[in-house]
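These are my notebook entries on a structure that I looked up for the first time. I record each point in the order in which I examined it.

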Amino acid sequence: MSASEKYVAAAYLVLFVALLVWVVIIAAKLARLERDVDELAELARRRVERQSESEEREEVSV
Amino acid sequence: MLARLRHIPLVAFAAGAALLFGTALALIFFYAPIDADQGLSQKIFYIHVPIALTAYACFGWGAWKAFQHLRTRAPGADLESYAAIHQGVIFGALTLLTGSIWARISWGRWWTWSSNQLVTFLILFLFYSAYFMLRYSVEPGPARANMSAVYALFGVVLIPISWLSIRIANDYIHPTVFTTHGPQMSGSMFFAFCVSWAGLLALAATMYRIELAGKRLDARLRELRELLA
C-alpha cells in the first residue's frame, strides 16, 4: 500500500468512524428515552390504580 | 422550498443519503480520473470540500433559525438552531481532520498557521464550539434561547470571511478550486464532487432531523414527568 493510498483510506475512515460514533451516541440516547418512557408508563399505571382505589373507597363510605 | 423538506419522511432522507453517498463513492473511485498533479491523494478533495461546505450550510441554517427565533419567537426555532449548530460542529471537526490528513500528504505537515483559509475555519469552528459552553452555562428558558440566538447570529459573519479569505489574501498554500472562471477541474471530477456534496448534505439533514426528534421527545417526556409527578 503506497503512502497516498494510506492517507486516502485514513481520510475516508475518519468519516466512517465519526458516523459510527454518532450512531452509538444516538443508540445510547434512544435507550435512555426508552427507559424514561417505561418509567412514565409505570407512573401513569400507578396513578390510575390509586385513582380507582380512591373511587372504590368513596363508594363504600356513601 | 426548504419548508417542504420538512414533510419528506425521515426514512426517505436516510435512504436518499445512503444512495447518494454510495453513488458518490463509486464515482470517486471508479469514474473520476486520478489527478495528474496530486495523484491519488486528490481523492480526499471529494469528501474534504463537501464536508466543509456542509459545515458552512449547517452553521448558516443554525443562524437562520436563530434569526427566526429572535424575529418571530417561532416555537422550536431555538432548538432547531441548536441542532443545526451541533451538526455544524461535527462536520467542522471532520473538515479539520480530513484537511489535516490531506495537508500531511500534500504539504508534508499536519497544519500550517500561514494559511488564512485554515486559520479562519479554525476560528469559525472554535467560535461555534463555544456556543455550547454559553448555552449550558445559562438556565433553560427564554433568556438562554435569546442569548444563544444572538451568539449564533454573530458567528455567521465568519462564514463569508472563511470562504473569501483565500481569494482576498492571496493564499498560495491552500489551493483555490472554485474561481470566478468556474470550477478548475474536469467535468467528471466536478460531477463526482457534486454527488458527494449532495450525499453529505442529505446525511447532515438526516442527522439533524434524528437529533431534533430526539430532543423534542426528550422535552415532551420531561413535561409528562412533571404532570405525573
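Is Arg225(B) buried, partly exposed or exposed? I found a relative accessibility of 28%, so Arg225(B) counts as partly exposed. The classes are buried under 20% relative accessible area, exposed over 50% and partly exposed in between, with a 1.4 Å probe and protein chains only.

I note the basis of the entries: this is a predicted model, in which local features need pLDDT of at least 70 and side-chain atom pairs count only at pLDDT 80 or more, while totals for chains, interfaces and linings use all residues. Residues are numbered from 1 along each chain as its sequence is written, chains are lettered from A and ligands numbered from 1 in the order in which they are written, and side-chain values use heavy atoms, with hydrogens and water left out.

Entry on the link between chains. I looked up the partner of Arg225(B) and found a salt bridge with Asp36(A), with the closest N and O atoms 3.5 Å apart. Arg225(B) belongs to helix α8 (residues 187–228) of chain B and Asp36(A) to helix α1 (residues 3–61) of chain A, so this pair joins two chains. I took a salt bridge as a side-chain nitrogen of Lys or Arg within 4 Å of a carboxyl oxygen of Asp or Glu. Helices are DSSP runs of H or I with at least four residues, numbered from the N terminus. Asp36(A) is buried, at a relative accessible area of 14%. Both residues belong to a network of salt bridges that also links Arg32(A), Glu39(A), Asp218(B) and Arg222(B).

Entry on helix α1 of chain A. Here Arg46(A) forms a salt bridge with Glu42(A), the closest N and O atoms being 3.5 Å apart. The two residues lie 4 residues apart in this helix, about one turn. An α-helix has 3.6 residues a turn, so residues three or four places apart point the same way. Arg46(A) is partly exposed at 43% relative accessibility, and Glu42(A) is partly exposed at 29%.

Entry on helix α3 of chain B. This helix (residues 45–72) has 28 residues and reaches 40 Å from its first C-alpha to its last, close to the expected 40 Å; the expected span is 1.5 Å times one less than the number of residues. Of the 28 residues, 20 are buried, so α3(B) is largely enclosed by the rest of the structure. Just after α3(B), Arg73(B) takes a positive phi of about 55°.
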